[in-house]
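Please keep the sequence and the 3D view at hand while reading.

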Amino acid sequence: MTKTQVLFVHGAGGEAFEEDGALVRSLREELGSDFVVGYPEMPDADAPEFGKWSARTSRELSALDGRVILVGHSLGASVLLKHLSEERVEKSIAGVFLIATPYWGREVAEFELSEDFPATLPEDVPIFLYHGRDDEVVPFAHLAQYAGRLPHATVRGVDDRGHQFGDDLSEVAEDIAGL
C-alpha cells in the first residue's frame with residue numbers, strides 16, 4: 001500500500017522551523033505509519049519572500065507521488081493558499097489543512113491574495129481551517145475572514161493552546177485520517 005504524502009510548510013521567523021518541528025512530531029505520531037510527513041526548511045525564514053517559498057513548495061510537491069495532503073502553519077499556511085490560488089499544481093491534492101493563517105488583506109502586498117482567490121483554488125479539494133481563540137500572534141478574527149471567503153471550508157476554533165497549538169495537532173490528524 002502506498003503511503004499518503006503530507007507536506008508541512010512552517011511559519012516565519014528565526015526559530016519557526018524548530019518550533020514548528022514540535023507540530024510535525026505531533027502530526028507524525030498521531031497519523032502513524034500510513035503517512036509520510038515531509039518537512040522542508042523554507043528559505044530565509046527571518047525575511048520570507050513569497051517567490052522563494054512558492055518555488056520551494058513547487059519543488060517539494062513535484063517530488064511527491066500518490067495521494068498528497070498539504071498542511072501549513074501561520075505564514076506557511078498563507079503561502080500554501082496563495083500558491084494554490086496562483087500556480088498550476090499538477091499533483092492531485094487530497095486536502096488542505098491551514099493552521100493559524102494570517103489574513104493579510106492589503107497589509108502585506110507580497111502575501112496578499114487576489115480578490116477572486118476562492119475561485120482559483122483547485123476544485124473539489126477539502127479545505128480545513130484551524131485557529132486558536134487565544135492565538136497571541138495571529139488574531140482569532142483572521143479565521144472569520146477566511147471562513148467568510150471559503151464557505152465550504154471546515155472551520156475549527158480551539159481553546160487554550162495559543163499560536164503553536166500547544167504542540168498538539170491531534171484534531172488536524174483526525175481530520176486528515178478521516179478524508
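Predicted model: local features only at pLDDT ≥ 70, side-chain atom pairs only at ≥ 80, totals over all residues.

Across which strands does helix 2 lie?

Six strands make up an open sheet whose order is 2-1-3-4-5-6, and their pairing is parallel. At its edges stand strand 2 (35-38) and strand 6 (154-158), each of which pairs on one side only. On average, and with direction ignored, neighbouring strands of this sheet are turned by 15 degrees against each other.

Strand 1, which spans residues 4-9, pairs with strand 2 in the parallel sense over four bridges. Within this region, Val6 is found opposite Val37 of strand 2.

## Helices on the sheet

Helix 2, made of residues 50-62, lies across strand 1, strand 3 (68-73) and strand 4 (93-99), and runs at about 165 degrees to strand 1. Helix 3 (residues 75-86) also packs on the sheet, where it touches strand 1, strand 3 and strand 4, while its direction makes about 135 degrees with that of strand 3.

## Two residues with positive phi

Most residues other than glycine have a negative phi. Asp160, however, has a positive phi near 60 degrees; this residue is placed in the loop between strand 6 and helix 6 (170-177), and it counts as exposed because its relative accessibility is 70%, where exposed means over 50%.

Asp167, which lies in the loop between strand 6 and helix 6, likewise is not a glycine and has a positive phi of about 55 degrees. With a relative accessibility of 39%, Asp167 counts as partly exposed.

Notes:
Residues numbered from 1 in each chain as written. Heavy atoms only, no water. Pairing = 2+ DSSP bridges. Axes fitted to C-alpha atoms, helices over the stretch in contact; angles between N-to-C directions. Contact = heavy atoms within 4.5 Å. Buried < 20%, exposed > 50% of the residue type's maximum accessible area, 1.4 Å probe, protein only.
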